[in-house]
Each structure stands twice: as structure tokens, then as C-alpha cells.
Amino acid sequence: MVDQARGPAGASRNGPPHVVILGAGYAGFAVARGLRAAPARVTLVNPYPYHYFTTLLHEPVARPRLRERIALPLAPYLPPNVALWLGRAVAVDPGRRAVDVEDRATGAVRRLEADLLVVAVGSEPLFFGIAGLEERALTVRDLSSGPVIRSTVEQRLARYAAGDLGPEGRRIVIGGGGYTGVELAAELAEARVDLARETGVAPGAIEIFLVEAAPALLPGFDPPLVRYVTRFLEKAGVRVITGTPIQEVTPRHVVLADGRRLEAGTVIWTGGVRAHRLVEQAGFEVDRRGRALVGPDLQARGFAGVYLAGDAAAFPGEDGRPLPPTAQVALQQGEYLGRALARRLRGQPVEPFTPHLLGTVISLGRRDGVGLLRNGYRVTGHAARVLKSATLWRYLYRIGGASLVARVLGGMPLHPLAGSRR
């Protein structure tokens, strides 16, 4: 049963307008911070008291202690007019600008009503109907993913060393050779020595496969840099398979469309995402990946006062296709909405959203990487890896200034987490 209470921020009929933001990822967190001086009360709904950096979720797989350095506590960095409600949105009614929230502490579901509603609930894995994939594959989707993948790999390697598993126990198959798949493969290859020491399996016996359905890794990316990445991974011992999709995942095998069967004890899926299912369930007009179609100001089609940002929004780029679901796009949309909604609340005109894509940087372990900048300039090697780190430093500086950046550079945890390994 839904409690009709309006939630922690109160109701607009008894005070200033109420803005509700669903999700504290790059987009939602940026919207909340952008409403600092707005004449409104704001409720930010998020399941956890922290904001994590999705572009770095692959790193704790190889280096578990980094988990504490890719999450930032929300409360110290939210404006005074923003109330954080720890809860999970379970239903959205865009016609009424209302959302049902399951409170994290009590489990009770309460209805939260808004004058302006921002849906920034992010994405979830897209499994493309591949038999057995959703049931048997691990995914890189939140802060728990790194420890789960690491412990699974260690457990199966240890069982192989003890003779409890066959050759599949020492084999890891990553499905999807996009940004996340490539970065994860590089991290696991770099972690081989550590994994061997912890499980008793020889480093050379630990096999890592990276499978991509497209003819090459990183579909749509710069061809010379794709070749650099492919050579890097192969030199690191990753077996790259391209041009054939995964057809099925069984308890012991990954079956490819060309008939090959790879024995695999650990399967990790990084082959695609779609908008969180809440978006489609809410009745928004969506594209084939479940992203809501939005106007120039990120307002949902057919629903006044309801906005979407980040992976939940299908905003067309210069070529007419939706912008990619990247942190860069989500952050820019969130910052735009923070400014735009503040202006709208003051009765001021609002300009349409204009993306400024700055390029892409991909890490290859701790010391290597590739980058394609906005001007077409290519960066490889350690310089690219430093550039990716600098992107994080710049982001943290905008949130918490030089002191927050200094904490990262000093190796201090941003948000201590239970169960973190030193």
C-alpha cells in the first residue's frame, strides 16, 4: 500500500515549488548541485548515501582497495535546500509528476509529488535475449560489482587449483568489447599475478577471453586507436575474438554464433545497456533502448514539468542519433538542467541544451590507455592514462575544490565502505 505522504521535502502548496530528482549519478547529482540558489525545495531520491563514478567501476576488480576511492558521500556536497531521501523509486507517474518510493530504512512505500520532476535513474544491462546470459553472467553496474567479480574469479580459480573444477575454472570470458569490456579485460590481465598468488594457479594458466560481435573492438571508435588497443590486449595475454556474437551461456560454456564453445567458469557481460526499466514502465515515449524521447530542453514528450537526463534520455546529436550513454553526456545534461530549472523557477527564459563532446579516454590498466580528443588528436600510452585520471581530478575539483582532489592524490578514501579490502 502506498502512503500518500509527500516525502521529506514537503508540499509546494504550503511553500516554495518542490523539485524531485530521481537518482544521484552524474546527471542527478549535477542537477541537485545546480539548484543551490534556486527558489525551491529539492528532494534527491537515491538508494545509497553516496555517488559513485561509473567510469571507474572496473578498477576495483583488479585493485579492491580502490572501491573506497570511487565513491563520494552525498550529504556534505549537497546544497542546503536539497534533502536526501535514501530510497528506491519503484514507480513513476509522469502525468501527475509523482513517484512511489520504497524507503530504505523501513521498506514502506510512500508517494512523493513534485512541481518539477527529474528522472535520472541511469541504465541497466541489455542482454539481447541471449539464452542463459542474464541468469549466469556477472555485470559491471554498481559499486558492488567489483568485489562480486573479484571474489567469483578467485573462488573458481581456487576450486580449479583444488581439482574441484575442470579447465573452465581458470577461464574468464568477457562478452562485449566496448569501453567497459576493454578496460575490464586490461585490469584482469594486469591482476593475473595477484590472482595467481592468492589462488595457487600459475599466472599463465589464467585465461581471459574478450568476445565482440562487431568486426573489431570498440565499434565506432577511431580505427588506429582500436588497433593499438587490440595489440595491447593481445600482448597482455587476452584472447580477442571479434566478428561473432555470443549465442548462449550454459553452466560450463559460452557458445558463439559460429559454433565455437568456450569452456568458461566466469562470464562477465559488458555488451550493452538500456535505460532503467522504470522509464518505459512509466509510459514515456521511448526508443529501442528504453530511453525517453525528450525535447530541446530535456523535457519529456507529452509531460510538462517532467525532465530526463543521462542514460534515461534519448537526446539527438548532430547526426540525429541519440547521444551515447556516457558519463560526459550525463554530467553535461545534469549541469544544464540545474541551470535551466533554476531559471524556469525564477520565470526566466531557458536556452536549449547543447552538448559539447570533449572526446573519449580509455584506460588500459594502471599505466596505459588511449584517448581521442575533440580536435581529433590521438593520445596513447601513459599520457592517456594520466589524462583519464585528470578527468576525475577535474570533476572532483568542481564538486569539492582542491582539498577533495588532494585526498584522492594522497590515496585517502573518499567514502569508507564496509568490507573494503586494504
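User: In this predicted model, which side chain makes a polar contact with the side chain of T43?
Analyst: T43 is found in strand β3, residues 41-46. A polar contact of 2.8 Å joins its side chain to another, and a pair of N or O atoms counts as such within 3.5 Å. The partner is the side chain of H18.

User: Is T43 buried or exposed?
Analyst: The relative accessible area of T43 is 0%. A residue counts as buried under 20% and as exposed over 50%. T43 is therefore buried.

User: How many Å apart in space are T43 and L22, C-alpha to C-alpha?
Analyst: T43 and L22 stand 21 residues apart in sequence. In space, the C-alpha to C-alpha distance between T43 and L22 is 8.5 Å.

User: How many residues lie between β15 and β16 in their hairpin?
Analyst: Strand β15 covers residues 246-249 and strand β16 covers residues 253-256. They pair in the antiparallel sense over 3 bridges, and E248 has V255 in β16 as its bridge partner. The number of residues between the two strands of this hairpin is 3.

User: Which residue in β17 is the bridge partner of V254?
Analyst: β16 and β17 pair in the antiparallel sense, over 3 bridges. In β17, the bridge partner of V254 is L262.

User: Which residues lie closest to the centre of the second largest pocket?
Analyst: About 670 Å³ of space lies in this pocket. Its lining has 27 residues. Those closest to the centre are E59, R63, R65, L66 and R69.

User: Which helix supplies the largest share of the lining of the second largest pocket?
Analyst: α2 (59-62), α6 (192-199) and α10 (382-409) each supply at least two residues of this lining. The largest share is 9 residues, and it comes from α10.

User: How many charged residues are in the lining of the second largest pocket?
Analyst: By class, the lining includes 11 nonpolar and 2 polar residues. The count of charged residues in the lining is 14.

Key:
Residues numbered from 1 in each chain as written. Predicted model: local features only at pLDDT ≥ 70, side-chain atom pairs only at ≥ 80, totals over all residues. Heavy atoms only, no water. Pairing = 2+ DSSP bridges. Helix = DSSP H or I, 4+ residues; strand = E, 2+ residues; numbered from the N terminus. Buried < 20%, exposed > 50% of the residue type's maximum accessible area, 1.4 Å probe, protein only. Polar contact = N/O pair within 3.5 Å; in protein donor to acceptor, adjacent residues only side chain to side chain. 1 Å grid on protein atoms, 1.4 Å probe; cavity = no way out; pocket = protein on both sides within 12 Å on 5 of 7 lines; lining within 4 Å. Points joined across faces, edges and corners; volume = space filled by probe spheres on them. Nonpolar A, V, L, I, M, F, W, Y, C, P; charged D, E, K, R; others polar.
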